[in-house]
Every structure is written in structure tokens, then in C-alpha cells.
Amino acid sequence: MSPRLTEPAAPAQGRTVALVTLGCSRNEVDSEELAGRLTAGGWTLVDDAAEADVAVVNTCGFVEQAKKDSIDALLEAGDLKETGRTQAVVAVGCLAERYGQQLADQLPEADAVLGFDSYQDMSGQLQAILDGDRPASHTPRDRRQLLPIAPAARQEGADAVALPGHQQIQPADFVATNSQGTDEVASASGPPVIRARLDGRPWAPLKIASGCDRRCAFCAIPMFRGSFVSRRPHEILDEARWLAQRGVREVFLVSENTTSYGKDLGDLRLLEQMLPELAAIEGIDRVRVSYLQPAEIRPELLDVMAQTPGVTPYFDISFQHASGRLLRTMRRFGDRESFLALLRMVRERVPHAGIRSNVIVGFPGETEEDLAELTAFLQEAELDVVGVFGYSDEDGTEAESYADKLAPEVIAERVALVCELVEQLTAQRAADRVGEQVSVLVEEIDVADGDHAGWGAGEQVVTGRAEQQGPDVDGSTILVGWTGGRAPRVGDVVLAEVVDTEGVDLIARVLPEEAPAP
């Protein structure tokens with residue numbers, strides 16, 4: 001049973017909205033759900049906030065720099081009220097959920113600061129703002145307290161708690177004509193999907209769960225995203241089909257902790273069962289899994305990821321550090337040797353796997369010995385991509401109260417040292433792939449202006465991602481040397497051989513279609 005394909009209703013004239021999204025791919029899912037709800041309510045989506053009656057800024061509240069970027073975006077949108085069509089600026093997303101009234105007090109440029117509980121009626125909220133109302137700003141609360149502590153008891157009450165990106169569809173959503181043409185709760189045409197694509201990319205994030213039950217000392221996310229809640233498999237599969245019918249070739253499974261998927265549904269093996277079903281959906285060439293907790297990775301999951309055609313050889317593993325002592329202070333598990341053993345398990349199954357991770361440098365109490373343990377791990381791990389974050393206090397976290405804080409200049413020095421090392425190591429890892437055959441999803445085609453190295457003016461520059469490269473932050477693959485009279489098009493998946501590199505980016509020559517798969 002497929003989700004319906006009815007075209008959106010003609011929107012009411014005169015009400016335009018722009019969605020500005022900051023932060024992670026999970027936020028992108030939330031923005032597309034908001035877009036679906038707004039088009040259902042008759043709003044016209046526009047790309048440029050200057051052309052919108054209302055600019056909705058979906059903020060990020062993860063770390064200090066992300067907060068600053070979100071505030072800058074709100075201020076820029078506020079300036080449009082003086083120079084553009086924009087009449088109102090609304091803050092939503094993690095920063096709004098986390099700080100609510102405090103953000104509103106410090107940012108009068110925002111006409112409203114709305115939390116997750118406002119998402120289902122976002123159309124009505126925005127119309128009220130245009131009509132001159134100023135809704136009460138969101139009052140933050142610890143969202144972990146909204147559901148039972150026991151995971152098995154959560155699903156029953158989850159419908160009563162706002163979970164952005166979970167497609168929580170209420171009877172009120174089934175209007176005469178909405179963004180998916182749905183006019184009844186259930187029909188032979190299949191379930192509705194309240195989501196509107198905000199770009200033409202051939203990949204899309206797909207949320208499989210929200211929240212987190214871990215208590216990492218440095219992380220505030222569970223406080224404003226809540227306890228871990230899985231989406232039911234049939235909902236995920238329905239949305240994947242909907243995406244495939246709109247040209248998506250790769251679905252990127254996102255959550256705060258993918259390895260916990262299914263624990264509140266009574267079966268931690270549900271992800272292993274669902275991956276082959278997702279990969280078998282017509283039109284979906286790739287299924288990519290993100291955010292695996294090293295302490296929760298099961299050999300059975302690795303087996304399914306390695307053996308299922310269509311599941312990318314990509315492992316996004318959140319190590320955060322490699323010093324066992326410091327990891328325990330972070331309220332995490334593992335150490336250098338156990339992490340290296342895990343990487344060996346991955347590569348025994350998938351020798352050419354792409355592996356990415358993040359690390360925190362300068363955590364309270366980090367010694368020179370801890371730092372040396374981290375750098376030694378990075379040198380041995382052969383990771384494809386490493387995100388390096390300097391520690392900063394996050395409001396309400398356990399680590400905020402820790403003693404032994406490092407001076408900011410010491411943190412900056414250590415971040416610079418690790419970044420330099422990571423740049424060298426990941427460039428070498430990319431260079432080691434020269435000669436490999438890779439499957440590349442074409443994402444962008446530009447015309448060179450003559451200044452682009454290696455291309456003459458007017459030549460096509462075709463860019464995509466190999467299976468080992470995640471979206472946006474893991475590097476890209478530039479395709480050269482195609483034959484047969486037609487260059488690849490956006491959405492094509494082509495086989496190519498890596499012939500050179502530029503940092504973490506690959507340069508690959510397209511192989512004839514009859515070439516054997518790697």
C-alpha cells in the first residue's frame with residue numbers, strides 16, 4: 001500500500017512562509033514536516049525569507065557556536081522586516097525549545113518563540129501572529145519527564161507528547177484537501193505523509209526515533225528532546241516509499257541514538273529486520289545509517305549492514321574520546337583498545353567501509369596523557385572523517401559543575417593540534433582509496449567558469465558522493481572521464497574508479513556500464 005501522490009491543493013494567495021533550517025539532518029526532517037503542515041494550511045513556501053510574510057527559523061541548540069549561528073539567523077531575518085516583505089520572524093527548533101521565554105526576552109526581534117508543542121498547529125500560530133497577536137513564549141521543561149522511565153511503557157503515551165518528525169497525525173489534520181490530498185483517516189490509497197520537500201536533492205533524511213536515554217555529562221540534548229522513542233517500522237517504511245516516489249534515491253536514517261531503535265517496542269532487532277525492507281523499496285538505491293553508539297553496537301547489526309545490498313558501507317560511530325578514564329568522567333563507556341577492536345569487527349565484514357566519528361577535546365580534567373591516548377587512537381583508527389569539538393559548558397549538564405576546567409587558550413591549542421592531525425590522517429585515508437571502485441550518487445552539476453582547477457570554461461563539473469561518504473560533511477566525489485555521449489545527471493548512481501584526491505574529497509573516473517561491481 002503506497003502513500004498517495006495527489007498534488008497539493010492550490011494555496012491561498014497572500015500568505016507566504018520561508019523555513020530557514022540550522023543544525024543537523026534531524027532538524028531538516030522537522031522543517032519538512034512543518035512545511036507539509038503549512039502547505040496543508042494554505043501557505044505558499046518560498047526559498048527567500050525576504051519574499052516571505054513570515055520567516056520561520058528552525059534553530060539549533062547543540063553547542064555554543066550553533067546557538068550563535070541560530071541567533072545570527074534570527075537577527076538577519078529580523079532585519080528583513082525593515083527592508084523586505086517580511087512581517088514576522090518566528091523562532092522554533094531546539095534553541096527555542098531549550099530556552100523559550102529567556103530567548104524571547106533577549107531577542108525582541110523575534111515575534112514569537114515557539115516550542116515543539118506548537119508544531120501541529122503551526123499554520124494557526126503563524127496566522128494569529130500576522131493578525132497582530134503575540135503568542136506566549138514557550139516555557140521550557142525537562143522533556144524526559146513527559147514519558148515513563150521504563151522504555152516499554154512509552155509507546156502508549158507517546159501520541160500525547162509532541163515528537164517532531166514522527167508524523168503524529170491527528171483527526172484534525174485530515175481536512176478536505178491538505179498537502180497530500182488526504183480527506184479521511186484511512187483509505188485504500190494508503191496512509192498520509194505530512195511532509196513537503198524543501199529541496200531537489202536525490203537524498204533525504206528519514207527520522208526513525210527521537211530523544212536519548214543516555215546521560216553523557218557534556219550533552220543537554222535529552223533535556224529538550226526527551227526520552228528515547230522509536231517510530232514504528234510501518235510508519236518509517238511508508239515515509240520511505242513517499243520519498244522514493246518524489247525522486248529520492250538515498251534515505252539517511254537519523255536519530256539521536258540509532259542503536260537503541262526498537263528497545264521501547266520490545267525488540268532491539270527491529271533495525272536489522274527493517275533495513276532489508278527499506279533497501280527493497282522501489283526507487284531507493286541506498287539506505288544510510290547514522291549515529292551508532294559504540295557501547296550498543298551488536299555484531300548482528302554489523303552483519304546485516306554488511307550483507308544487505310543497498311545498505312551503504314558507512315559506519316557513523318560516536319567515540320567522543322579514547323581515554324578510558326576520561327570517557328568514564330564523560331559518563332560513557334569504552335577505551336582505545338575496545339574501540340580499535342570494534343573497528344576491526346567492522347572491517348572484517350566490510351574492508352573498504354567508510355567510518356566517521358566525533359571527538360571532544362579539552363573536556364574538564366583532560367590531561368596530556370589523555371590527549372596522547374586520543375591522538376594515538378586516531379593514528380591507528382584510520383577514520384575517514386573526524387569532527388573535532390572543543391569543550392564548552394552546556395547549561396544544565398553534569399559537566400558544567402565539574403572542577404578542573406581547562407583554560408580556553410589550552411582548549412584552543414589542543415583543538416588546533418588534533419585538527420591538524422585529523423586533516424593529515426583523513427587526507428591519507430582518502431588517498432589510500434585511489435584505485436578503488438566506488439558507487440557514486442550524482443548530486444550536483446555545475447558549469448566551470450574557467451577558474452576551477454582542471455576544468456575549462458563551460459565544462460561540466462559533476463559532483464556526488466561515494467557510498468562511504470555521508471551527506472554534507474563527509475566530503476564529496478568529483479566525477480571525470482565519462483563516456484557514451486551523456487554526462488551523468490543528478491540522481492544517477494554511477495560506478496567509478498578513484499584516480500586522485502583533494503583532501504578528503506575523491507576524484508573518480510566513470511567506468512563503462514558493463515564494468516563489474518566492486
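Where helices α10 and α12 meet, Pro299, Leu302, Asp303 and Ala306 of α10 touch Leu342, Met345, Val346 and Arg349 of α12, contact meaning heavy atoms within 4.5 Å. Sorted by class, this contact holds six nonpolar residues, two charged ones and no polar ones. Here Ala, Val, Leu, Ile, Met, Phe, Trp, Tyr, Cys and Pro count as nonpolar, Asp, Glu, Lys and Arg as charged, and the others, Gly among them, as polar. Helix α10 covers residues 299–307 and helix α12 residues 336–349, and the two pack at an angle of about 30° with their axes 9 Å apart. Axes are lines fitted to C-alpha atoms, for helices over the stretch in contact, and angles run from 0 to 180 degrees between N-to-C directions. The crossing of α10 and α12 is right-handed, that is, the near helix is turned clockwise from the far one by less than a right angle.

A word on what you are looking at: this is a predicted model, in which local features need pLDDT of at least 70 and side-chain atom pairs count only at pLDDT 80 or more, while totals for chains, interfaces and linings use all residues. Residues are numbered from 1 along each chain as its sequence is written, and side-chain values use heavy atoms, with hydrogens and water left out. Helices (H or I, at least four residues) and strands (E, at least two) are DSSP runs, numbered from the N terminus.

Now to the sheet. Three strands form an open sheet in the order β6-β9-β10, with parallel pairing; two strands pair if DSSP finds at least two bridges between them. Strands β6 (203–207) and β10 are at the edges with a single partner strand each, so one side of each has no neighbour in the sheet. On average, neighbouring strands of this sheet are turned by 25° against each other, direction ignored.

The two pairings can be set side by side:

| Strand pair | Sense | Bridges | Residues standing opposite |
|---|---|---|---|
| β6 and β9 | parallel | five | Pro205 and Phe252 |
| β9 and β10 | parallel | four | Glu250 and Arg286 |

From β9 the chain crosses through helix α9 (residues 270–279) to β10, and this β-α-β crossover is right-handed. In other words, with the strands pointing away from the viewer, the path from the first strand over the helix to the second runs clockwise. Helix α8 (residues 233–244) lies across β6 and β9 and runs at about 165° to β6. Along β10 (residues 286–289), Arg286 and Arg288 point one way and Val287 and Val289 the other, and all are buried. Buried means under 20% relative accessible area, exposed over 50%, and partly exposed in between (1.4 Å probe, protein chains only).

Most residues other than glycine have a negative phi. Glutamine 320, however, has a positive phi of about 75°; this residue lies in the loop between β11 (314–316) and α11 (324–329) and is buried, at 7% relative accessibility. Aspartate 472 also has a positive phi, near 75°. Its loop runs between β15 (460–466) and β16 (477–480), and aspartate 472 is exposed, at 56% relative accessibility.

Finally, valine 438 belongs to strand β14 (residues 437–447). With 1% relative accessibility, valine 438 counts as buried. Leaving out residues up to four places away in sequence, valine 438 touches Ala466, Gln468, Val494, Leu495, Ala496, Val498 and Ala508.
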